Amino acid sequence: MWGAIVVLCLLGAAGALGIRALLDSVGSAKHMRYEPVDVPPAEVSPRHEREREEYQRREREVEKER
């Protein structure tokens, strides 16, 4: 009976220490921020190429109207 209680207390203490260590490591971790990089892919799909050409055509038209 007492042995089971002691084992349960030891397991609880080990669990509490493990949770505390986990929370401490998460709290001290560096916060990383994702910063997208505007680098065009090496190979552009035909669809994207057509879209890019259409945007450029529209920009030229808008500049002509000014």
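**Close-up views of a predicted model**

**View A. Arg 20 and Asp 24 pair up in a salt bridge, with 3.7 Å between their closest N and O atoms.** Here a salt bridge is a side-chain nitrogen of Lys or Arg within 4 Å of a carboxyl oxygen of Asp or Glu. The two partners are separated by about one helical turn because they sit 4 residues apart in helix 1. Helices in these legends are DSSP runs (H or I, at least four residues), numbered from the N terminus. Arg 20 counts as exposed because its relative accessibility is 56%, whereas Asp 24, at 46%, is partly exposed. The cut-offs are under 20% relative accessible area for buried, over 50% for exposed, and partly exposed in between (1.4 Å probe, protein chains only).

*A note on the model.* This is a predicted model, in which local features need pLDDT of at least 70 and side-chain atom pairs count only at pLDDT 80 or more, while totals for chains, interfaces and linings use all residues. Residues are numbered from 1 along each chain as its sequence is written, and side-chain values use heavy atoms, leaving out hydrogens and water.

**View B. Glu 54 and Arg 57 form a salt bridge in which the closest N and O atoms are 2.5 Å apart.** Both residues belong to helix 2 (residues 46-65), where a spacing of 3 residues makes about one turn of the helix. Glu 54 has 26% relative accessibility and so counts as partly exposed. Arg 57 also falls in the partly exposed class, because its value is 33%.

**View C. Arg 57 also meets the side chain of Glu 61 in a salt bridge, at 2.4 Å from N to O.** Stay in helix 2 for this one: Arg 57 and Glu 61 are 4 residues apart, about one turn of the helix. With 39% relative accessibility, Glu 61 counts as partly exposed. In total, the structure holds 5 salt bridges.

**View D. Met 1, Trp 2 and Ile 5 make a nonpolar surface patch of about 440 Å².** Patch members have over 30% relative accessible area and no salt bridge; like charges are joined within 9 Å, and nonpolar side chains (Val, Leu, Ile, Met, Phe, Trp, Tyr) within 5 Å. The areas come from the Shrake-Rupley method with a 1.4 Å probe, and for residues only the protein chains shown count as cover. Ile 5 is part of helix 1 (residues 2-28). Its relative accessibility is 35%, so Ile 5 counts as partly exposed.

Conventions
Helices (H or I, at least four residues) and strands (E, at least two) are DSSP runs, numbered from the N terminus.
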